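Q: I'd like to go through this one slowly, if that's all right. Could we take it topic by topic?

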Amino acid sequence: MVPVGACLGLSAVLFAIGLVGFLGRRNIILMLVSVEIMLNAVNVSLAAFSYRLQDPRGQILALFVIAVAAAEAAVGLGLVLALSRHRAGVNIEDLTELKW
Amino acid sequence: MPIIAGQIAFSYLAAGSVASAILAVTRKNPVHSMLWVLALFLHVAGIFLLVGAEFLAAVQVIVYAGAILVFYLFFLMLLDLPREAAGPRFGAHWPLCAGAGLGFAALAWYSRNLRLVPNAERAVAGAPSLGSLSAVGTALFTQFVLPFEIVSLILLAAIVGAVVVARKKGTS
């Protein structure tokens with residue numbers, strides 16, 4: 001009913017948008033949100049494969065991706081909180097200690 | 001007729017999700033970005049419904065839109081929002097980023113034709129019963145019960161790790 005190729009194209013477009021957001025935004029929190037957009041794009045393609053192959057394993061992999069995304073959000077935002085305690089702001093361009 | 005309705009619904013959901021993703025990445029105010037991400041998650045949940053993944057759609061709404069996004073919004077409230085909205089939203093290297101995104105999209109579009117998806121004779125026309133909760137639950141608690149338990153360990157590690165990383169020094 002729904003063409004699986006269209007689902008995969010949509011997934012690619014969403015992933016590209018998330019990639020641009022992750023590479024380009026200056027705010028660390030919005031970079032993490034872009035990672036969430038990319039994970040969602042992957043979930044779309046997993047659900048499309050699951051639908052096409054009539055196999056529930058794709059949906060289960062997508063569920064695991066969601067769980068890992070929740071863990072990533074907790075740890076990543078904890079890091080952002082620790083970072084914003086030591087210095088003002090969450091601008092990625094201020095973090096240059098590791099730059100040589 | 002239901003096929004046409006499904007295609008119309010898919011077209012709307014795809015266009016809405018792409019538009020809200022673009023708006024989420026490009027808005028200046030971080031709170032507006034978050035609200036567009038919420039719209040994106042709800043559209044993606046609709047797509048999950050269309051491909052027969054009802055449980056995934058429910059989890060998407062409850063966990064993503066309900067829990068993770070609210071968590072991010074809480075953290076945004078810790079920021080100095082007016083100052084954040086006043087600065088430039090993209091770094092100076094944004095043309096490179098846009099090029100990387102376009103390159104990835106072109107690559108994915110090209111590999112779309114590479115017959116990565118097997119020609120599924122197994123796909124039954126309009127069989128919506130597969131994505132039902134019972135099939136997913138049966139597989140999750142029989143074949144994938146070990147990964148399921150490992151996910152609970154990952155979540156526990158994430159909770160402990162977030163507390164350890166984010167606590168103030170000296171308060172033990």
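Q: How much area do chain A and chain B bury between them?
A: Chain A and chain B bury about 6500 Å² between them, and 77% of that lies on carbon and sulfur atoms; buried area here is the accessible area (1.4 Å probe) that two parts lose on being put together, summed over both. This is a predicted model, in which local features need pLDDT of at least 70 and side-chain atom pairs count only at pLDDT 80 or more, while totals for chains, interfaces and linings use all residues. Residues are numbered from 1 along each chain as its sequence is written, chains are lettered from A and ligands numbered from 1 in the order in which they are written, and side-chain values use heavy atoms, with hydrogens and water left out.

Q: Which elements of chain A give two or more residues to the side that touches chain B?
A: Those elements are α1 (4-24), α2 (28-53) and α3 (57-86) of chain A, and the largest share, 22 residues, comes from α3(A). Helices are DSSP runs of H or I with at least four residues, and strands are runs of E with at least two, numbered from the N terminus.

Q: And how many salt bridges does the rule find across the interface?
A: The rule finds zero salt bridges between chain A and chain B, where a salt bridge is a side-chain nitrogen of Lys or Arg within 4 Å of a carboxyl oxygen of Asp or Glu.

Q: Is A:Asn40 buried or exposed?
A: A:Asn40, which lies in helix α2 of chain A, counts as buried because its relative accessibility is 0%; buried means under 20% relative accessible area, exposed over 50%, and partly exposed in between (1.4 Å probe, protein chains only).

Q: What is A:Asn40 in contact with, leaving aside its neighbours within four places in sequence?
A: With those neighbours left aside, A:Asn40 is in contact with B:Phe41, B:Val44, B:Gln60 and B:Tyr64, contact meaning heavy atoms within 4.5 Å.

Q: Switching to chain B, how many helices and strands does chain B have?
A: Chain B has seven helices and zero strands, and of its 172 residues, 34% count as buried.

Q: Last one: why does B:Leu153 count as exposed?
A: B:Leu153 lies in helix α7 (residues 145-166) of chain B, and B:Leu153 counts as exposed because its relative accessibility is 56%.
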